[in-house]
Amino acid sequence: MKLIVALIVALAIMLAAVADEDPGHSKHGSAFDSGMRTKPWVMNGIGNTPFPITCKNKEVQQWFNQGNALLHSFWFEEAERSFRWCLKLDPDCAMAYWGLARCGFTWFTRSPKHLDEKFTDRYRKFLNEAIRRKDKVTDRERMYIEAWEYGYAQDLDNRTVVIVDKLQAIVLKYPDDIEAKALLAFYNIGQGSAFTNQLLIDQVLAKNPMHPGAHHASIHNWDHVSSVQAIKSCEQYGKAAPAVGHARHMPGHIYSKIGMWHEAAISMDSATRTELKYMNDRLALPFETWNYAHNRNYLCYIQEQLGMAEASIKGSRDLMAAPQDPDFNPSDGYGFTQAGKFGLLRALLKFERWDDILKPGTISWRDGNEDDDYSKAYAETLANLGKGDMVQAKERYASLKTMYDKRLEKDKSAENYLGSEFHTAEGLLLAAEGNILDGQRALLDAAKMEQDERDNHNYTDDPPSEPWPIMRLVGDVYFRSGEFNLAVAAYERALKNEPNDGFSLAGLAKAYNAMGDRMNAEHYAGRLMYVWSNCDPGLKWMADVKALGLTAKPVAETPAKERVYRPADLDSIGPSNWQPYPAPKLDVLNVDGKPIRLQDYRGKNVVLIFFLGDSCVHCVEQLEAMNKRMTDFEQKNAEVLAVCSAPPSQTKPSNALKDIKITVLSDTNHENARRFASYDDFEDIELHSTILIDGEGKVRWKRTGGDPFKNVDFLLKELARINATSQSK
């Protein structure tokens, strides 16, 4: 007995030592070290999707319902926060663990045979906890847990089939369970007839007409199949969950594919503003919200289609200027910078801003990156052609061809994603040299490659990375060579790929007018005038059509009636471009007990660090690393402040901190840590945070979690970006 007691005591001491070595880490293990670590709040406007579960605390049901509603709209981050609070109230709740597992084992991860364990490890742990407890819940709940247990087993060939089969079993056994039907409808997309799947969705809507998951599923169900069939759900989804950016975003997918550009812009702009409002209210940065970059890039594309070049370019540059992060938005990876860069390039090409493309620094090309080198050569070939500089155009085309040939030597399949651009450049160059026939042939080859990609559902249109349907360029070449009938045919084909594309409408108006067909010319001019009713002044395509002297009036040819997009009408939601948010109040004491506030450092950048005291080895290592670079921080006009919960009486005589020049401050009741979201409300423990605040008192970057941030070089680089932004104002 004494031996057992001794072992227990030894184990307790060992666990305490481990905990002491890892302050800021969850006592529940690594799965809980990531994700949201502050208390949720009651969220209105997210939809109503009650899902009864077994729980010991009545309040758990409320938070589980909130998490479930958020999952229906793919708001995984916030859903996790709600499910974690369920465990705070009922640590043995099996369905709360299942909900957490669903935040990572999602519709997006249904296909891979072998799941990425680096990403899914924590969700695997959540799922295992749910499985351990599945005998403590109802039969219905057990079936849900087992659907994920078997459907997300590692190395599974038929993952979607397994999940669909398990969800179908729930529907058959519990026909009144509309949550099972909503999930089944989502996972069944692409498994059979979209029409049949819609019948299942309609059963959900018959009981809950504003079910966000059902409307969401309907939009995905018909996307790339028969988009017009989703219009009804597009009209309802944003109303069902108006506080969810993704609910406002998804209708824009459908509207853009059917040429309802104004409605698409309202959708994407509303979504962007809704997401930005959430970020500012909850101290989140763009790279902490998974859908923001995708949404903003999509809005840029739609604004292009409305002839709003300046708004689109501003949005792309905003994405490029968004806070970077070495893990979540690296400058040299495929993060916001890349999304903004290629959005900007798309707009500059589409609106023929040749000088901007050729101006060094306009586009942040990555030196030595083969994808960037290829895109740069392609863009500069077209830009030089546009300016009439044939010498430079040929030189850049030669570089493009060399790179194209080398890529094909390494990988023949590269032709599938590089060939259309190469043949486009080739065709435009040949046509500019006067070799019209070969130029047309090369452009038609490029157009065929694009069409094959579209027909095989391999074409990127979410949003498109290419600035145009290539048949529109074919139409331009035919028009310039006086082949107006062929130009009309090419523009019409382009409109099938991008309905109500303003550039093709302008081409049709001009081509029909050149043929003497004033009636058709006026028809297409009227359609252009409607689509581009709020376009930027001076666009040459609109000017060319107006110069024809037609008596056209704006006319809408859309599958349904739409509102006209006026950005100012949406200002009440919030800004459409990211802006750094004001930092919360900082009210701390220095080592002498003197009050220190953030406004005391107005005009200077502040590196604000929340650390766990001088007993935290990792914290001291972070501060020592920062201390070695104090001269560099001073050169960046930055003050480094380190805040902990120890009172001044302990921080002043600290041996561990005595050689550190950083200003050490006290936050004795964690009030400041809570305001800056540097406190774990689930486990009531302090967290590590590093926050960059500019001279105007606005947050520009932050990192919070179980470990201190030690990448000093990154902080200095980001401070340099902050300074550059401030100087450009």
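**Figure 1. Pro-463 lies in the loop between helix 21 (436–455) and helix 22 (470–480).** The peptide bond joining Asp-462 to Pro-463 is cis, with omega about -5 degrees. Helices (H or I, at least four residues) and strands (E, at least two) are DSSP runs, numbered from the N terminus. This is a predicted model: local features need pLDDT of at least 70, side-chain atom pairs count only at pLDDT 80 or more, and totals for chains, interfaces and linings use all residues. Residues are numbered from 1 along each chain as its sequence is written, and side-chain values use heavy atoms, with hydrogens and water left out.

**Figure 2. Helix 10 (residues 212–222) is largely enclosed by the rest of the structure.** Eleven of its eleven residues are buried. Buried means under 20% relative accessible area, exposed over 50%, and partly exposed in between (1.4 Å probe, protein chains only). The buried residues include Pro-212, His-215, His-216, Ile-219, His-220 and Trp-222. The cover over helix 10 includes helix 2 (58–72), helix 8 (178–187), helix 9 (194–207), helix 11 (231–240) and helix 12. Contact here means heavy atoms within 4.5 Å. Just after helix 10, His-224 takes a positive phi of about 70 degrees.

**Figure 3. Helix 12 (residues 245–257) packs on helix 13 (residues 261–281).** Their axes are 7 Å apart, at an angle of about 160 degrees. Axes are lines fitted to C-alpha atoms, for helices over the stretch in contact, and angles run from 0 to 180 degrees between N-to-C directions. Helix 12 and helix 13 are therefore roughly antiparallel. Angles under 35 degrees count as roughly parallel, over 145 as roughly antiparallel, 65 to 115 as roughly perpendicular and the rest as oblique. The crossing of helix 12 and helix 13 is left-handed: the near helix is turned anticlockwise from the far one by less than a right angle. Residues of helix 12 in the contact include His-246, Arg-248, His-249 and Tyr-255; those of helix 13 include Trp-261, Glu-263, Met-268 and Glu-275. By class, the contact of helix 12 with helix 13 has six nonpolar, nine polar and three charged residues. Ala, Val, Leu, Ile, Met, Phe, Trp, Tyr, Cys and Pro count as nonpolar, Asp, Glu, Lys and Arg as charged, and the others, Gly among them, as polar.

**Figure 4. Helix 16 (residues 336–350) and helix 18 (residues 370–387) cross at roughly 15 degrees.** Their axes come within 11 Å. Helix 16 is thus roughly parallel to helix 18. This crossing is left-handed. On helix 16, Gln-338, Lys-341, Phe-342, Leu-345 and Leu-349 meet Asp-372, Ser-375, Tyr-378, Ala-379 and Leu-382 of helix 18. The contact of helix 16 with helix 18 has six nonpolar, two polar and two charged residues.

**Figure 5. Asn-637 and Asp-684 have positive phi values.** Asn-637 lies in the loop between helix 28 (630–635) and strand 5 (638–644). Its phi is near 60 degrees. Asn-637 is partly exposed, with a relative accessible area of 30%. Asp-684 sits in the loop between strand 7 (679–680) and strand 8 (685–686). The phi of Asp-684 is about 55 degrees. Asp-684 is partly exposed, at 44% relative accessible area.

**Figure 6. Cys-86 and Cys-619 are buried.** Cys-86 has a relative accessible area of 0%. Cys-619 has a relative accessible area of 0%. The closest cysteine sulfur to that of Cys-86 is in Cys-93, 6.0 Å away and too far for a bond. Zero disulfides (pairs of cysteine sulfur atoms within 2.5 Å) are found in the whole structure.
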